[in-house]
Amino acid sequence: MLKHKHQSWLKRRRRRIIWQLMRTAAVPLRGRNRINTRNHPQTSGHWRPLFDYKGQKLAEQIFQGIILISAGIGFVYGLIIEQFGWTVYIVLAGFAVSCVLTLPPWPIYRRNPLSWQPALPESTAEPSQKPQESTKKKKHK
Amino acid sequence: MNTVLSRANSLFAFSLSVMAALTFGCFITTAFKDRRVPVDIHVSKVMLKNVDDFTGPRERSDLGFITFDLSADILPPIFDWNVKQLFLYLSAEYATKSNSLNQVVLWDKIVLRGENTKLNLRDMKSKYFFFDDGNGLRANRNVTLTLSWNVVPNAGILPLVAGSGHVSIPFPETYETTKSY
């Protein structure tokens, strides 16, 4: 049941991505120019590293903010009740919260992936002899 | 920052730096406190013997026996969030013909944070032998007993504080001899 829900969610996501890419593509993408979303960063391979600098900057700001806030609260609380142990506990709690918020690859950190140049072919065969080439290569011709 | 491990590394290092800064803050808030407390010492009995001393260069040395009372209320100015425990010790200080300054620790105690801090000890015997380096305790006019303590902090320096009460006692002129029947 859950797997079915996940598959249909993936399908909707793929359709949305295809629609977005079609709107912003330089050449019309129809037929053989259809877009392959199997390796698109937002629909698969979540644990593979994705080079998204804006997302990583957001992650860094989030964990730095959380740890600094918990350090401030912990310091004041420990000073008031005269026990340094509580300061350490509060900072550790902030550490745990920011672990959960920034370590797993949440989708908000994958919104702006870098668009890489297409890989150059290793052989020198002509493009017309290879009708199964990907759409990206055709875009840059 | 693009892999989980790289983010974990960055997060952990930042947490440790923040923790170090907080520890320094804890030290700074208590570094300049005055940690002296008035202490009341009273000596009830003094006895002197001349015994075989196998640790020194001569055959017989003076051995003193002191029974004392101690009372102090050490809670308010000393214990704060940067104190882990206190090491109290009672030392005797005097001068003899052969040495101008002698200091002997007679008794010590560790007081942890959270324990009862009102010290009210009666008729305590010394923990350690009060041996003199020679025979200088007999008829010594002025042996001063002082309670001092070492503050063991959570972060920072370990201050050594002398208590503000001390008592001077004279030692007897004669040795105690065991009665023979």
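Some housekeeping. This is a predicted model, where local features need pLDDT of at least 70 and side-chain atom pairs count only at pLDDT 80 or more, while totals for chains, interfaces and linings use all residues. Residues are numbered from 1 along each chain as its sequence is written, chains are lettered from A and ligands numbered from 1 in the order in which they are written, and side-chain values use heavy atoms, with hydrogens and water left out.

Okay, back to Ala155(B). Is it buried or exposed? Buried, because its relative accessibility is 9%; the cut-offs are under 20% for buried, over 50% for exposed and partly exposed in between, using a 1.4 Å probe and protein chains only. If we skip residues up to four places away in sequence, Ala155(B) touches Thr23(B), Phe27(B) and Asn82(B), where contact means heavy atoms within 4.5 Å. Also, Ala155(B) and Gly25(B) are 130 residues apart in sequence, yet their C-alphas are 9.3 Å apart in space.

Now for strand β7 of chain B, residues 143–153. Of its 11 residues, 10 are buried, so the strand is largely enclosed by the rest of the structure. What does it pair with? Strand β3 of chain B, residues 83–94, runs antiparallel to β7(B) over 10 bridges; pairing asks for at least two DSSP bridges between the strands. If you want a spot to look at, Leu86(B) stands opposite Val151(B) of β7(B).

One more loop in chain B. Asp53(B) lies between β1 (39–52) and β2 (60–73), and it counts as buried because its relative accessibility is 8%. Leaving out neighbours within four places in sequence, Asp53(B) is in contact with Arg58(B), Glu59(B), Arg60(B), Ser61(B) and Phe131(B).

Over to chain A. You get 4 helices and 0 strands, and 27% of its 141 residues count as buried. Taking the contacts in chain A with a separation of 6 or more, 62% are between residues 24 or more positions apart.

So how do the two chains meet? Chain A puts 30 residues into the contact and chain B puts in 23. Together they bury about 2300 Å², 76% of it on carbon and sulfur atoms; that is the accessible area (1.4 Å probe) lost when the two parts are put together, summed over both. On the chain A side, α2 (53–81) and α3 (84–102) each supply at least two residues, and α2(A) gives the most, with 12. By class that side has 20 nonpolar, 7 polar and 3 charged residues. Nonpolar covers Ala, Val, Leu, Ile, Met, Phe, Trp, Tyr, Cys and Pro, charged covers Asp, Glu, Lys and Arg, and the others, Gly among them, are polar.

Last stop, backbone angles. Most residues other than glycine have a negative phi. Glu82(A), in the loop between α2 and α3 of chain A, has a positive one near 60°, and at 30% relative accessibility it counts as partly exposed. Asp123(B), in strand β5 (residues 118–125) of chain B, also has a positive phi, about 55°. At 53% relative accessibility, Asp123(B) counts as exposed.
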